[in-house]
Amino acid sequence: MRKNFHIKKLYGYLLKTYIPLFLMTFAICLFLVLMQFLWKYVEDMVGKGLELSVIGEMFLYAALQLIPMALPLSILLASLMMFGNLGENLELLAIKSAGISLTKSMIPLIVLIVLISIGTFFFQNNAMPKIQPKFYSLLISIRQKSPELDIPEGVFYKEIQGYNLYVGKKNRETGMLYDVSIYDISSGFQNMAVIICDSAEMRMSEDKLSLIFTMHSGQQFQNFIEGAESINSSSEFIPYARESFVSKIMTISYDDNFNRMEESVLQENESSNYVAKNMTQLKVSIDSMEQFIDSINISDRKIMKQYTYLSFRNSYPQDKKDSIIQKANTSFAKLKMDSIFASKNIRVQTSILQSAYSKADNNGNDYLFRSMSKTTTQRNINRQWIEWHRKFTIPFACLIFFFIGAPLGSIVRKGGLGTPIVISVILFIIYYILDNIGYKMARDGVWEHWIGMWFSSMILLPLGIFLTYKAMNDSVILSTDTYVSFFKKLFFIRERRNYTVKEVVIEEPNYFEIKKLTGELTQEVSVHLHKYEKIGYKTYWMDNGYDESLISIKTNMENILNQLSNSRKSFIIEKAKEYPIFIKYVRPFKAGSIPTKMLMYAFPIGIVIKLLSLPFEKRINRDLNTILKLNEELTEIMNNQQNNIAV
């Protein structure tokens, strides 16, 4: 009962720690993806004079639409930060010391993440079909909105369709434009009109559907080729009309209103209505489109059989057609078409080939046109399947990222925002790339829709399982010391012994005993070098005594050095530090076993493995010779030490 009470208090503490952290990281991640949206569509919104209410509504729909993208990243970051903090503050160690495993302590958080995933599924299935049509219809309306007129000085302005405007100078206080040139190409280049005036005023009509230019002291030039069809347009001279004016008013069609597109336009469009459907509606739509493609395929097969490959049967008399076809099918006579074709003269052969080519070309164009509707329908089916699977993949990604973030945080044991943010960004970029690859492959029909949409989950799920397993076993997979030690061994980087003179020594070394052990070690090393200085191919694979001898040498040497490390003499400590750190084997397998025998006879794999072991053999022999030399020096030092004691 007391233990259950402690567990309940632990669960409450973990939830109270995780939930505020999750809400904070969710707000940060949502803000980041919203900024990404802003950078992507900022050109479509800037300079169009949109009201703040429209921009606010746009950001609201964008934020709601981007929640599924921000949610997995926030779960990953919050899990990393929380378990990193617990590990850094030794709270995880205290939890494990109380007999509570990592998986048991994660139970309340797992339940919370499952509830969040279920909520995400219902959000994807019920809310997103209502949010996405509003978002995309508003985005398209903003894109179609004409830009706010702000004609610059000294450059041509081309934002008014069918017109190019040039203003030399303008007075921003009065709005008067000076040295104005207007090129009217709304009726085509053949009927282009050019207006040049000293000054002009520009204003918008009351209904904001047209621009009204009031021009002063200018001229208008316009090509005059209407009704002159006999005049060659490529000739050097083209007649034109010239008009001088003191004041002239010109109206240009320009819609400055914000026209909101109806959501029903997206919902009724077959290529985009998938954004407004839930799972049930998507499945119904997919079934209907698949039936449509099946019916077209059946129709195409009938047409190909009747009017393409067997079109000559259409010339049979209707009353004798069936009997002729039946007789042809039961006949064993096979006509040699090449010989029949060769028996014709050149004119007939040419006519036959031209007729066949024309018929093949017409049939190819006909089926190409018919296949376009099937291609479009199949692409729509792929989009519908993508949207159907997305309602499951996002909630499942939330679970995966928790089982990546929580174990990884307990392994890294670094809290705060530094290390967790770096790791989260790297993992989320990998997820985003994999998800986009799968999405595009499924959209284009290269992969099956379920493979493409679950591709990122299939890659990251084993990573989550692996990290959870390593965290449960207190793995040092992300410890820097582990990788430093590995690379030192890989590149033969020597480690040095670190012995110091101890201030307090419990047991003084027995130099007489050490001298005796050193002599035995020297003899053992000499015997090993005599027997295994050069390892033959068969000895390498079959003789297990080599490894046993090395293990014995390493054990005896470490025993001597452990006794010497208690010495108060600094010169003895320095001599002990010169001994090499000994590797005890050169073979990553047990010699003489059945798999080893199979590798020995597997040519050339066995020879390659033997050649790879040569650097390790040379290192061991070099270390053994170093041990012999140091043993002699150490023996001499201990002899002197004994003589000093005797005196």
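Tutor: Helices (H or I, at least four residues) and strands (E, at least two) are DSSP runs, numbered from the N terminus. The structure above is a predicted model, in which local features need pLDDT of at least 70 and side-chain atom pairs count only at pLDDT 80 or more, while totals for chains, interfaces and linings use all residues. Residues are numbered from 1 along each chain as its sequence is written, and side-chain values use heavy atoms, with hydrogens and water left out.

Student: In which helix does Asn382 lie?
Tutor: The protein has 22 helices and 6 strands, and Asn382 has its place in one of the helices. That element is helix H11.

Student: Is Asn382 buried or exposed?
Tutor: Residues are buried under 20% relative accessible area, exposed over 50% and partly exposed in between, with a 1.4 Å probe and protein chains only. In the protein as a whole, 38% of the 647 residues count as buried. Because Asn382 has a relative accessibility of 9%, it counts as buried.

Student: Which residues is Asn382 in contact with, leaving aside its neighbours within four places in sequence?
Tutor: Contact here means heavy atoms within 4.5 Å. The C-alpha atom of Asn382 is separated by 8.8 Å from that of Ile286, 96 residues apart along the chain. With sequence neighbours within four places left aside, the contacts of Asn382 are Ala442, Arg443, Asp444 and Gly445.

Student: How far apart in space are Leu463 and Ile404, C-alpha to C-alpha?
Tutor: Leu463 belongs to helix H14, residues 455-472, and its relative accessibility of 28% makes it partly exposed. Not counting residues up to four places away in sequence, Leu463 touches Ile404 and Leu427. Leu463 and Ile404 are 59 residues apart in sequence, yet their C-alpha distance is 7.0 Å.

Student: Is the pair of Phe156 and Tyr166 stacked, edge-to-face or tilted?
Tutor: Rings of Phe, Tyr and Trp (its six-membered ring) pair if their centres lie within 6.5 Å, and planes under 30 degrees apart count as stacked, over 60 as edge-to-face and the rest as tilted. The structure holds 21 aromatic pairs. In one of them, the ring centres of Phe156 and Tyr166 are 5.3 Å apart and the planes stand at 45°, so the pair is tilted.

Student: How many residues apart in sequence are the parts that this pair of Phe156 and Tyr166 ties together?
Tutor: Phe156 is partly exposed at 45% relative accessible area, and Tyr166 is partly exposed at 26%. Phe156 lies in strand E1 (residues 156-157) and Tyr166 in strand E2 (residues 163-170), so the parts tied together are apart in sequence by 10 residues.

Student: Which residue lies over the face of Tyr540?
Tutor: Tyr540 also pairs with Trp541 in an edge-to-face arrangement, 5.2 Å centre to centre with 90° between the planes, and both residues are buried. A charge sits over a ring if NZ of Lys or CZ of Arg is within 6 Å of the ring centre and within 35 degrees of the ring normal. At 5.6 Å from the ring centre of Tyr540, the residue over its face is Lys610.
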